[in-house]
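Colleague: Could you walk me through a few features of this model, giving me the general idea before each case?
Modeller: Gladly, let us take them one at a time.

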Amino acid sequence: MRWSRFETRVPGKWVLAGEHAVLRGGTAVTLPHPQFSLKLSFKPGGLGLRVVPVAAESVIRDLLGAVSDYWESQGRSFQDPEGELLIESSIPVGAGLGSSAALCVAISRWIAEPLEHSAAEVFNFATQLEHRFHGRSSGMDVAAVSMGEPMSFEMNQGPKLLGVRKIPHFTFHDTGLRSRTSECVVRLEKQREDSPVAGMKIDEQMGSATRACIEGLNHFDAGNTEHGLAQLARGMKQAQECFYEWQLVPGEGHRIVENLLKNGALAAKLTGAGGGGMIVALWQDQEHARASMIGYAE
């Protein structure tokens, strides 16, 4: 096993529709986030592994421990890397923008060469590593940051690129609150146990939201701007209603959504697991967004 110089960059991601329902076989739509990314670089040499920043060391060693356990379970020895591992990330943690998935993908790419992993194994291993963050990962976030293009995702079929190149104007607004995906998932599982019929209806509503969003993206990309935006707005509003019914919208999220709609946004919703994180807003175009946001305060 030989560790060599390595560098990779992974984008953040955000979910347009399909959150949570994707864990039960539903379809989700996710897009890369151009404003956020994670860069991992490794320079071999010296004794032991030096992780920068130091605050990331415990997480990195935990993930490398998982790699070692898996590798040794296959009857092969794992040699700890020696050198400097530098992680530079602008992706906010706990904001629903794929911070943990980006780290897991970057780590999996890094170890791919010395462990002789194929591209498929890189994806599968990144998903296994993300289980350590979320308890149960659908694989959607890993696929989204790996592919870096708009896509739909189903657990039993995997990712499917949408092939759209023209994207409507979206803005992102931080609630300032953070929550763990695993906690939101457990909370919804308990709700479904208590009210299974209601849970199924909400999942169906989220499925309708996803279909409307996919149709909207395709129409917008094809130049049918008004119909595309109308479908996207309808889908986003349906998806946000699901978050309300799941009781995963914090008070600050309510306020931001109301302010955005009041200031001219076509739709606004939480993106990610809920409980905090980011609100995404859809606008007629960049000019409308800029004009409407004058004087707007989050």
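**Reading the model**

Modeller: Let us start with helix H7 (residues 225-246): its 22 residues, at 1.5 Å a residue, should span 32 Å, and its end C-alpha atoms are 32 Å apart, which agrees. The expected span is 1.5 Å times one less than the number of residues. Helices (H or I, at least four residues) and strands (E, at least two) are DSSP runs, numbered from the N terminus. This is a predicted model, in which local features need pLDDT of at least 70, side-chain atom pairs count only at pLDDT 80 or more, and totals for chains, interfaces and linings use all residues. Residues are numbered from 1 along each chain as its sequence is written, and side-chain values use heavy atoms, with hydrogens and water left out.

Colleague: Which residues does a cis peptide bond join?

Modeller: Val 52 and Pro 53, with omega about 5°. Pro 53 belongs to the loop between strand E3 (49-52) and helix H1 (57-73).

Colleague: How should I read a nonpolar core?

Modeller: In soluble globular proteins, nonpolar side chains tend to be buried together. A nonpolar core here is a set of buried Ala, Val, Leu, Ile, Met, Phe, Trp, Tyr and Cys residues joined through side-chain atoms within 4.5 Å. The largest one has 78 residues, and Leu 16, Ile 60 and Trp 110 have the most contacts inside it. Helix H2 (residues 99-112) gives the largest share of this core, nine residues. A second, separate core of 10 residues includes Val 22, Leu 23, Met 140 and Ala 144.

Colleague: What does Leu 16 touch?

Modeller: Contact means heavy atoms within 4.5 Å. Leaving out residues up to four places away in sequence, the partners of Leu 16 include Val 29, Phe 170, Cys 213 and Met 236.

Colleague: Where is Thr 210 found?

Modeller: In helix H6 (residues 196-221). Thr 210 is buried, with a relative accessible area of 1%.

Colleague: How do H2 and helix H4 (residues 140-147) cross?

Modeller: Two packed helices are described by the angle between their axes and the distance between the axes. The axes of H2 and H4 come within 9 Å and cross at roughly 65°. That makes H2 roughly perpendicular to H4. The classes are under 35 degrees roughly parallel, over 145 roughly antiparallel, 65 to 115 roughly perpendicular and the rest oblique. Axes are lines fitted to C-alpha atoms, for helices over the stretch in contact, with angles from 0 to 180 degrees between N-to-C directions. Residues making the contact include Ala 101 and Val 105 of H2 and Val 142 and Val 145 of H4.

Technical notes
Buried < 20%, exposed > 50% of the residue type's maximum accessible area, 1.4 Å probe, protein only.
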